[in-house]
Amino acid sequence: KTLTAFGVWVDTIHALERFIIINMEAIKKIVKKFNKRAWVLFKPDSGYGTNRRLKPLDDMRILDELSQSLEAVHVLKLNSLEVETRIMCTSSCYHEYLQSHLKQLDTTRTRDKLHRHERQKKFSTRVTKFIDLETRLMPSFLLILAIFLTFFTLICTYYISLGIYVDDDRSTTVFDEKGYFISASIDRAPAANIGTLGLNLSLSFLGIAIFIKHKIVKKALRGKVWMRTHRIACALGIAGIFCGCGVAAFQHQDLPVTHNIFAATFFTFAMLHVLLETVIDYKHRLSSRFLRKIRAATALLVTLCVILFITPMAYLIGVCGGHKCPQREEIRFFAAIFEIAAFILLIIWFATYYPLFRTLQFQLHVHRKVTLDEEALVAKLNDKMPPTWVGYTNKKIELIKHEK
């Protein structure tokens, strides 16, 4: 508490010093402008007469008072530096704590100053800056948006599908008929419309996240053997995103075979992408140790859930023939649980990119396509070359054209 209070005191001294220096400069300008206008009134030919009560401001007296205040602040600053030196000699831990606290106070003051400056701007200026893609559209924002859209879409589709009855006489919902799969939650309108829109948007954002991560890992693995494995993982990730969009686009009610193929390939490709990226992350230590452990545990759980989801469904559809299996309800129930768990774990695995994406920013470059005129290029080359080389250059260019 004492160190914190001392840090606040030191920060207040620095703030007072800045305040006095800024006011001294402002008062100099004010006094100069006032005296200039007062001199116009003092002139005999001004037509205003002589007003003896109006006198020029004594800027020296005002500046002397501010200088005395500034000297007092300097004395306090020297005393604070002496105390800070004693703290540093006494304990380096206390000194590091004090420095970090002073840095935090300075950051807070700078942030508050920026907020005050933003509030003073016009409303149209603030709105224009808010929708500026270069400053607002960050990779971390897209990742958060993808995660939020995924969970929001699932909550909405499950909530709406609970009120959709397949058989009104028996009060049978779509989940009673097909199980609590994600596919069942987006099987009937209007839940199908919300699910298609939300899942396609969120999966598209995750595809952008895969591409951003590829650009970062590419720099770390340049010239290494594992670069090929990373490219395979990226290809599997993009293919999984495409299959996930296919799951949302082709509902099970209309095209069950196509929907099931897309669902199986989506989870398979996503599982392989997660496993390969986690192995690369562990091999080359591309992130912190804590994040590597979380990704490894999440990847193993994703693999387990995908196997426990696809294997029973393959047994139910391929071996038992679907409706003929006596344990059909139990198999569907447990397969649905593992499907939801695998999908949520996949989103959690992508959420571990957030510490990395916080430090990144998009930078868009649009270049005009360069077209070269062959005759102008030849003339330019001939101007720069010695006269004896000109004929050789023309013959060389004609030979290149002939080969093309």
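Analyst: On a 1 Å grid over the protein atoms alone, a cavity is a set of points where a 1.4 Å probe fits but cannot get out, whereas a pocket is an open set with protein on both sides within 12 Å along at least five of seven lines; lining residues have an atom within 4 Å of a point. Grid points are joined across faces, edges and corners, and a volume is the space filled by probe spheres set on the points. The model is predicted, local features need pLDDT of at least 70, side-chain atom pairs count only at pLDDT 80 or more, and totals for chains, interfaces and linings use all residues. Residues are numbered from 1 along each chain as its sequence is written, and side-chain values use heavy atoms, with hydrogens and water left out.

User: What is the volume of the second largest cavity, and which residues are closest to its centre?

Analyst: The second largest cavity holds about 100 Å³ of space. It is lined by 13 residues, of which Ile241, Phe266, Ala270, Leu346 and Phe350 are the closest to the centre. With helices taken as DSSP runs (H or I, at least four residues) numbered from the N terminus, α13 contributes the most to this lining, namely four residues.

User: What makes the lining of the second largest cavity nonpolar, polar or charged in its parts?

Analyst: Ala, Val, Leu, Ile, Met, Phe, Trp, Tyr, Cys and Pro count as nonpolar, Asp, Glu, Lys and Arg as charged, and the others, Gly among them, as polar. On that basis the lining has ten nonpolar residues, three polar and no charged.

User: How does the largest cavity divide, and which element gives the most to its lining?

Analyst: The volume of the largest cavity is about 130 Å³. Its lining comprises eight nonpolar residues, two polar and one charged, and α11 gives the most, with three residues. Among the lining residues are Leu199, Gly244, Phe266 and Glu339.

User: What is the volume of the largest pocket, and which residues are closest to its centre?

Analyst: The largest pocket contains about 610 Å³ of space. Its lining has 23 residues, with Phe181, His252, Asn260, Met313 and Ile317 the closest to the centre. Twelve of the lining residues are nonpolar, six polar and five charged.

User: Why is Cys305 called buried?

Analyst: Buried means under 20% relative accessible area, with a 1.4 Å probe and protein chains only. Cys305 has a relative accessible area of 8%, so Cys305 is buried.

User: How many disulfides are there?

Analyst: A disulfide is a pair of cysteine sulfur atoms within 2.5 Å, and the count is zero. Cys245, for example, is in no disulfide, with the nearest cysteine sulfur, that of Cys243, 9.3 Å away.

Conventions:
Helix = DSSP H or I, 4+ residues; strand = E, 2+ residues; numbered from the N terminus. Buried < 20%, exposed > 50% of the residue type's maximum accessible area, 1.4 Å probe, protein only.
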